[in-house]
Amino acid sequence: MNTPRWNIGIIGGGPGGLFTAHRLEQLCSTPLNISIFESSNRLGGKLLTEQFSANGLQYEAGAAEFYDYSLIDEDPLRELIEHFGLQTQSMGGTAVVQEKRVLGTIEGLHDSLGEASLREFIRFNDRAKTEVSPRQFYDSTSTSHINAGHTSRQEERFSTSLHYLSHKTKNYIQQHIHSDLAAEPSQTSHRYGLDNYLMNDPAYMQLYSITGGNDLLIHALACRLSANIRLNTKITTVRKNAQNTLELSWETKNGCQSEDFDAVVMALPIEPLKKIVFPDRKLETAMRNHIMHHDHPADYLRITILFEKPFWKSWLHDSYCMLDAFDGCCLYDESSRIPEARHGVLGWLLGGTAAKKMAKHSDEELTSAAINSLPFQNDKARKLFRQAKIHRWLGAVSAQPGGFQQRSLDTKHCPDTDTYPHLLVVGDYLFDSTLNGVLDSAEYAAGWITTMAADHELGQK
Amino acid sequence: MSTNTPHGSEENMSERDADVARNTAHGKHVAEVRFPSISETQVIEFLKISTEEPSESYLNECLDWIKASQSYDRPIILELYGTLVIWTPTQMALVTAPRHFKKAEHAVLDFTTTAFELGAIEQALPSAWEHYENDIPNGFSFYNPDRESAAALAHRYKQAMSLAGRLSRLSPHIHLAPEHPPTLAGQLGERLRDRSRLVDREEFASEQIDTIIRLYETAGQRVSEHGLAQREYVLIWMIVFLLAAEIILLLVDLLSTAGN
């Protein structure tokens, strides 16, 4: 007798949903029917590689880089990318541009900040490295630290950690990490702030991107999946029915449609998760609790401008640098990803309050503000301007991934383990707001479902 | 003027620019740098410009200086945080502020020493490959009765091992961990190593040396087996001879006893 196939519903066609489906297909010994529901007309979520209509030149409109932890220990994301045969290129940048000065070295900092502030900065740097070793940094980005309990400074805000520093030093550090945090120091914890500072040290982590566009990872995943992918399908309701399965409902032109699943994974950021209706009161309470714990929205705004030629090579020597504009933003030389490109592309990544505030402005105003924020050659920039693209990522990431109090992995992934063990959540906000974190999360959820499917199969036999 | 730089290079100021080298804090001069530990003959001209003016304003002057010397090497041009470095294997130029000069100069010379040492190893590799194909059969079996062949194999093994040793000593200078917070010297060194692809070149050289060493290690075993076999052969003949002598002596003894 054939055992009926287990039906798995995955809500969200971003990296979290695709990683979960991919791992499920790899791990599960029994055949599964997997359906992925994506509300928009494309897969990939925050991984988005776009093109300029003017000349077809590519740029990253979403996540600009991947984090490489392979120097310290295993890096499953890097291994997956290599497994797919995707070429990568390393990225780097050390400079912070402050008041039209490019501060890329200790010597530059000394000239700009002065002896006292430099000493203070070095003390801060040494203290950060003493507090968090590369190994501890690695562990805090993976699953292992969750069960180790939280540190005594978990609830201390990063702004308190910077409190003792002089204005100059504090400014420099804040501008250095502002766009990584995508939040203000008062909105995040001491440890998460330190992690974001330390990730600039190559001994802790390195950056890379995929040659040809970061969303090649999405294409590589999608073409390997046998799952049924349903685009433009926005799940509105999740409820349990009499057979103890989960019913997903969505709106169509002809009315409401629904389908039953043995297990459901919600791979969504917090904002869309809030919009799903859970008619069962117990589940609704559990979901509200989950959302409240993890609801620390952080905002991004990306302004990308195509120029006739790259005029910035004399002061922007790397893949990116930090600007003091917009409370500290990251300026990417997008064209450095394509060495053969004749045109130049600059990308501004604004984070935190500045991103939220600026997102209200029109595209033209944002373009103008971006060009004005360049420390040098603004006139040349205006003259060489060709086309601009704006991408608003409001509430797209978490300012305090995992929440201020760390929870166990089970509680993170299953809001109601007693009544709804077959309803799981996956997301970068559960770990470290990175793609590596999403993969860890997907891995955990896939392992959970695989075990349930195996138990189910045994029960059937 | 001759000064010792940290890695054993020596500088001699060229006469043609000695007149402009009076002021070491602000000014420019050309020095000749030698690396006696690597090569007795290799000399590099080093144009040093210590100035508070923007370094990019000296770019053309430095490039003209390199062209005037008819250097055919394509230079590495590095402009970084107000410092300009132009580097070729025969000439180099450094333009930076006086307060950064010593550290920047140190970084450039350090890189040059590393690049030269790696270049010297790369140049020695073709001679190590020269006999490789002919020596491959010796990796399987060694029959040459003459001692010279074994000595030649031992010599090539020593050469390859010496190259491996030099490369191992050099590797830490090539795989230097990036500094954080970054320093000007660290950044210059890192980018110069990156632009001249030292890491890749070191890897290729290391792979080649490993391949050569593998052959000569195996050939060494075969030579030693051959030597042992030869000694065994002699020993066997000696035993045969002694046994024969013993038999003859026994026979003589028997015959004499029978005669009595």
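Three strands of chain A make an open sheet, ordered β5-β9-β6, with antiparallel pairing. The edges of that sheet are β5 (66-68) and β6 (88-91) of chain A; each has a single partner strand, so one side of each is left without a neighbour in the sheet. From one strand to the next, the twist averages 40°. Before I go on, please keep in mind that this is a predicted model.

Now the pairing itself. Strand β9 of chain A covers residues 206-210, and four bridges join β6(A) to β9(A), the two running antiparallel. To pick out one position, Gln89(A) has Ser209(A) in β9(A) as its bridge partner. For anyone who wants the background, strands of a sheet pair through backbone hydrogen bonds, either parallel or antiparallel.

Next, another sheet in chain A. Here three strands form an open sheet in the order β11-β12-β13, and the pairing is antiparallel. Which strands are at the edges? They are β11 (235-240) and β13 (255-261) of chain A, each of which pairs on one side only. On average, neighbouring strands of this sheet are turned by 25° against each other, with direction ignored. Strand β12 of chain A spans residues 246-252 and pairs with β13(A) in the antiparallel sense over seven bridges. If you want a place to look, find Trp250(A): the bridge partner of Trp250(A) in β13(A) is Gln257(A).

Let me move to a helix. Helix α3 of chain A runs over residues 106-113, and its buried residues are Ile106(A), Glu107(A), Gly108(A), Leu109(A) and Leu113(A). What covers these buried residues? From chain A, the cover includes β8 (101-103), α4 (115-131) and α7 (167-181). Chain B takes part as well, with α2 (98-130) and α5 included in the cover. After α3(A) comes Gly114(A), whose phi is positive, near 95°.

That brings me to the contact between the chains. How many residues of each chain are involved? There are 13 residues of chain B in contact with 14 residues of chain A. On the chain B side, the elements that give two or more residues are β5 (76-80) and α5 (184-195) of chain B. By class, this side of chain B has seven nonpolar, four polar and two charged residues.

Methods: Residues numbered from 1 in each chain as written. Chains lettered and ligands numbered in written order. Predicted model: local features only at pLDDT ≥ 70, side-chain atom pairs only at ≥ 80, totals over all residues. Pairing = 2+ DSSP bridges. Axes fitted to C-alpha atoms, helices over the stretch in contact; angles between N-to-C directions. Contact = placed C-beta atoms within 7 Å. Nonpolar A, V, L, I, M, F, W, Y, C, P; charged D, E, K, R; others polar. Buried ≥ 20, exposed ≤ 12 C-beta atoms within 10 Å, placed from the backbone.
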